[in-house]
Amino acid sequence: MFKHILISCWLLCLFACHQNKSTKGGLSPSQALQTFRLPEGFKIELVASEPMITSPVAMEVDEYGNIYVAEMHGYPSDTAGSGKIQLLSDTNGDGLPDKNTVFADKLRLPTGIMKWKKGILVMDVPDLIYFEDTDHDGRADIRKTMITGLALTNPQHLANTPIFGLDNWIYLAHTGTITPKISMMFNDRGSLVRYTDNPSARQLPRNADGRNLRLKPDSFQMEMLSGETQYGQTFDDWGHHFCVNNSNHIYHEAIAARYLQRNANLPVEDASEYISDHSEACEVYPVTINPQTQLLTDLGVITSACGLTWYNGGLFPDSFKNVSFVAEPVSNTVHADRVTDKGASFNAARVYEKKEFLASTDAWFRPVQFYIGPDGALYVIDYYRQIIEHPEWLSDSVIKSGALYNGEDRGRIYRITPANAPKMNWCTQLKLGDASAEELVRNLTSNNIWWRRNAQRLLMDRKDPQTPALVQHLLDTTRSATATVHALWLMEGFNATNITELRKALRHPVAGVRENAIQIAELHLKDLPQLQEDLLAMQNDTAAKVRYQLLCTIGDIDNVTSETARQNLLMRDIDDKWVQIAALASSKGKEYELMEKSISSLESKPSAGIALFFSNCAAVIGLSQRETDIKRLIKLSAGKNRSSSDWWQSACLKGLTAALSSKGIPGNWEPEKMLLVSKFSSSTPPLVRSASIKLLSLLGIPQNRVWSQALANARSVAEDNAAGSSYREDALQLLALDKKGNYTTLLEQIIGSPASPETLQETAIQTYNALSPKAACAYMVRHWSSFGYDTKESAMDAFLSSADNSNILLNAIKNDSIPASSISWSDKVSLMNDGDVDILNRSRKLFSMETGNRDAVIKKYQEALTLKGDMAKGLVVFKTVCATCHNLEGKYGHAFGPDLGSIRNRDAASIMTDILNPNRSIAVKFDMWTITKKNDEKTNGIIASQTPASITLNHIGGSQSTIDRSAIKTMETSPASAMPVGLESSISPQQMADLLALLKNNR
């Protein structure tokens, strides 16, 4: 009750602050123009500003030059309906807007606009709304909700940015919900995503499973894509989809959901390729004077990337073809990347080294979105706020400061062009809406995406029967590859695709045209079966992306010729992981044959990438539960072992083991058990021997004389100090399967002997715990002080392997048999986040010195802010205390929690407060999830990625697991941070000072 009262008071405080429309601070528009830094050869001009527009987040220009601007006044916490759509127009003919009309209002948090039919579409969760002005007074009099069900979650994660795609679909950017910790109003999980006026139309799962989606309102079609994006999305000239999130400024949706759905057993962890060659959370180069440093503010690293936009306006120099722009509002910059082909995906490299395309010295400059205008200029939408972060990531003092809405009455739109470009003059000049069908078709040849996209949209809207003939004439005469692609999709939109034109496009000299032609041909494989021959003839295409698209597409062709083509395409580009995935997605039920055919070509080419292919093949076979194929696979992988084949055979066994441990084991396996038992031999390659034992542990042991002989041999090897360490480790793993055996003396001798290699001691601990966990734990408690570091790690793994073992450990800590100081912070974290509530509570009580009074702890550590820190010593602290859950700019640790390289420029006091009171804020996408499977098995972790078929969790310590969606019973987030309070039990004030020195100064 008290908590709810506090939250209510906090919200009232926010709303009271929101009512104060007068903003102090910041710069006037004319002053702000003087703060910008642009590359030589470019200029920036003001298009619109307050009071004409305030709090702008998106814009759209219609076919008559009217400018629609979405205003999100309510960010960060007001959902009462303060959002608006402003209609800007030019009344004096100077080419610039000078009048604003409220076109639509009473919107919660509008996040995107798209021109559609005679009105506009506005994304305002949970709804996509259509607005139209029928009486031409500048204000919409029709308001119709088209789809609904998208979650009103944290405002930085709302569905947004509708875009009319090359293929005539409307694309919506979307990502999953974020569990609130402070702003409790944003706890909506969404509902079934559906058309409001057609109950029989296809519905999507709750909140569309947090994935991007696309729709065709005229036919009530709607479907989920394979990836997700935060705020913003963009497409290149050929329809490749690029996405963004706060810490990763550009990634590519590399494989479509429709291909992954062919093979639900395919264990794809993530459908996106992260293409930046300068890393996620890459460095940026702000020039801000007196930057605003909030809880997650970092002026040197991307932390708020949004508004990703592909530049295809045709006005910039040719060097800006294939360049993307992304806003970084926290750092007051705009970052530019040059995107180039890299196999099935791309590479993104900085356009400028050690500087940004646009930077401002004004800390209130907050670029959030871009727009390619009718003139080819890049329009920059400046939200212009003092504070851009959401309260989830702000300190209490900032929330209570009254500054949260400073700038709500401000906002600007800027225009960037080459320095010699004329001034903006198109507002009253555009008459595209009056153009004939013939004129619209001619506009498809424009080098500016605004003209091409709007001409295609208008042609699709009008459904003029003469359009196909006009488009056909364009196809016959144009030399423009981009015009050809638009024309091909227009023909498809009019149901006028003809085989002659499609065959011509399949032979087009530009690869992007051939890619799109293959996608269109894919839609006609049934009604135009003769296209199969044309497609299969393309398997030696010179372009990697064409070959990749072909491989995806011919998964719908089921014949011997297609199988041969898939094999050829796979072999040519086998090192490309997306090619591997496409081949498996296209080979449902025939994965074994695909793998078998690949062996002869690949056996002499061992590599990690190819080993992954074999492992994935085996995993899909295991997940398919086809007993015959599984048996064939075991025979292939465990038989006729040679040193030249052990790398791929062991990869197959590992992949199969992982799959069967997740899915289960069908059928009778006695012959296979005997084969695997026989692999315990000094003559078996170690990789295969170890993998065979692990698979045997799943299948179960045979009850016969051969097994007894194997156990006797294993015991003899384990006792033999002269035997190789890896052989002895495998022997112990085999003994661990003998639940009736008594190996206590042997195991304790190995664990307790200083002469035993640590890896052997670790395996002995694992075996002891598997055979007699209570006795193993008692032994580890008695001998804890004699264990080396690595052995203690294995012992902790054993303690954490079950609730009973964890309770034994907690008893030992309580009784001082094991000192709490000897338990690593990461292991404390595991205990304090345990799925067993009793263990969680017990461990938090033990490890948290003052769990209920963080203020006192923080006050105690204030001296750390005055002590001189040592970076070298700070690195030791980081590796000891932080590295299990965090890394530092990709180094030293594990990417379980956020990369701490991204907090360099935050205030030291703020960093320390979050370390000591981690529940104050949980970073984006780092909620702790508990997944309960249908067999009641539970697992905890942070969601690393999702696909239509699976969810991948990151676990504390760096491990990862992928769970088939069909196996999930429930999913729940923890209300607490994955890093519980109590770190002060592991770090002194001086060590805190050292750690802060490292985090603040590491480069």
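Which residue caps the N-terminal end of H9, and which atoms are involved?

Guide: The model is a predicted one, and the cap on the N-terminal end of helix H9 is provided by Asn498, from which a side-chain oxygen lies 3.2 Å from the backbone nitrogen of Thr500. Helix H9 itself takes in residues 499–506, and its buried residues are Ile499, Glu501, Leu502, Ala505 and Leu506. Viewed down the axis of H9, these buried residues fall within an arc of 160 degrees, so they line one face of the helix. As for what lies over the buried residues of H9, the cover includes helix H7 (467–477) and helix H8 (481–493), together with helix H10 (511–522) and helix H11 (531–536).

The loop between S2 and strand S3 (56–61) contains Pro51, which is joined to Glu50 by a cis peptide bond with an omega of about 5 degrees. A cis peptide bond also joins Val125 and Pro126, where omega is about 10 degrees, and Pro126 lies in the loop between strand S8 (119–124) and strand S9 (127–132).

Some backbone angles also deserve a careful reading. Lys106, although not a glycine, has a positive phi of about 60 degrees; Lys106 belongs to strand S6 (residues 99–107) and counts as exposed, with a relative accessibility of 65%. Ala208 likewise is a residue other than glycine with a positive phi, here near 55 degrees, but Ala208 sits in the loop between strand S14 (204–206) and strand S15 (213–216) and is buried, its relative accessible area being 0%.

Another loop residue is Glu228, found between strand S16 (221–224) and strand S17 (233–235). Glu228 counts as buried at 18% relative accessibility, and the side chains of Glu228 and Thr175 are joined by a polar contact of 3.3 Å.

Finally, a word on confidence. The chain averages a pLDDT of 87, and 88% of the residues score at least 70. Over residues 1–17, however, pLDDT stays under 50, and the model has 17 contacts beyond four places in sequence for that stretch. Residues 849–853 also have a pLDDT below 50, with eight contacts in the model beyond near neighbours in sequence. Where pLDDT is low, the predicted coordinates should not be read in detail.

Terms used: Residues numbered from 1 in each chain as written. Predicted model: local features only at pLDDT ≥ 70, side-chain atom pairs only at ≥ 80, totals over all residues. Heavy atoms only, no water. pLDDT = per-residue confidence, 0-100. Contact = heavy atoms within 4.5 Å. Buried < 20%, exposed > 50% of the residue type's maximum accessible area, 1.4 Å probe, protein only. Helix = DSSP H or I, 4+ residues; strand = E, 2+ residues; numbered from the N terminus. Arc of directions from axis to C-beta. Polar contact = N/O pair within 3.5 Å; in protein donor to acceptor, adjacent residues only side chain to side chain.
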